[in-house]
Amino acid sequence: VSTQSTGALYTYGPPSTSKENWKLPTFEPLCLVVMTYLRFAGIPYTINACNEPAMSPSRTLPMLFIYGQSPLCSPDSIIRHLSEHVKDYSIDSWLTKEKSSDIIAYKSILEEIIQPCILFNWWLEPENKPIFDSLVFSKKLPFPASWILPYKH
């Protein structure tokens, strides 16, 4: 595995700078998916925590900028491109067709059923929203906004 970076991954930044950041590089699930794939595949990359989706052509993060190529702007396109064009780093090459089918089914369940439930729980569940907002966002805001904005509904 080369130590030279394959590209730059633009993501949302860490949840906060305090101990409550769960030791995650980002709070956004789709960014975590790409980071996990890159790590499992052993693909060297750099993280740019930009918190600015407007810089991406699709106006979403994560975005992988591979040097000399157009940016890839969704987890599916990033993973598909890497598995097709970066053969040295394939993490699925050892799977049988049956196991590959199982993975597609599990992925579908995670994306279509479990992820919406988790996002609802984080962002819309009345009991969790203030807690999640304060842990993720208020620690990043300057005073006095950190005391006002997360609690404003």
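This report covers the nonpolar cores and the salt bridges of a predicted model.

## Basis

Local features need pLDDT of at least 70 and side-chain atom pairs count only at pLDDT 80 or more, while totals for chains, interfaces and linings use all residues. Residues are numbered from 1 along each chain as its sequence is written, and side-chain values use heavy atoms, without hydrogens and water.

## Nonpolar cores

A nonpolar core is a set of buried Ala, Val, Leu, Ile, Met, Phe, Trp, Tyr and Cys residues joined through side-chain atoms within 4.5 Å. Buried means under 20% relative accessible area, exposed over 50%, and partly exposed in between (1.4 Å probe, protein chains only). The largest such core contains 14 residues, and L9, L38, I43, L64, I78 and L82 have the most contacts inside it. At least two residues each come from α1 (29-41), β3 (63-66) and α2 (75-85); helices (H or I, at least four residues) and strands (E, at least two) are DSSP runs numbered from the N terminus. The biggest share, 5 residues, is from α1.

Another core, of 6 residues, lies apart from this one and includes A8, Y10, C31 and C73.

## Salt bridges

There are 2 salt bridges, defined by a side-chain nitrogen of Lys or Arg within 4 Å of a carboxyl oxygen of Asp or Glu. D76 pairs with K107, with the closest N and O atoms 3.1 Å apart. Because D76 is in α2 and K107 in α3 (residues 97-123), this pair ties together parts 31 residues apart in sequence.

K107 also bridges to E111 at 3.0 Å, N to O. These two residues are 4 apart in α3, about one helical turn. Shared partners join D76, K107 and E111 into one network. Relative accessibility is 38% for D76, 37% for K107 and 33% for E111.
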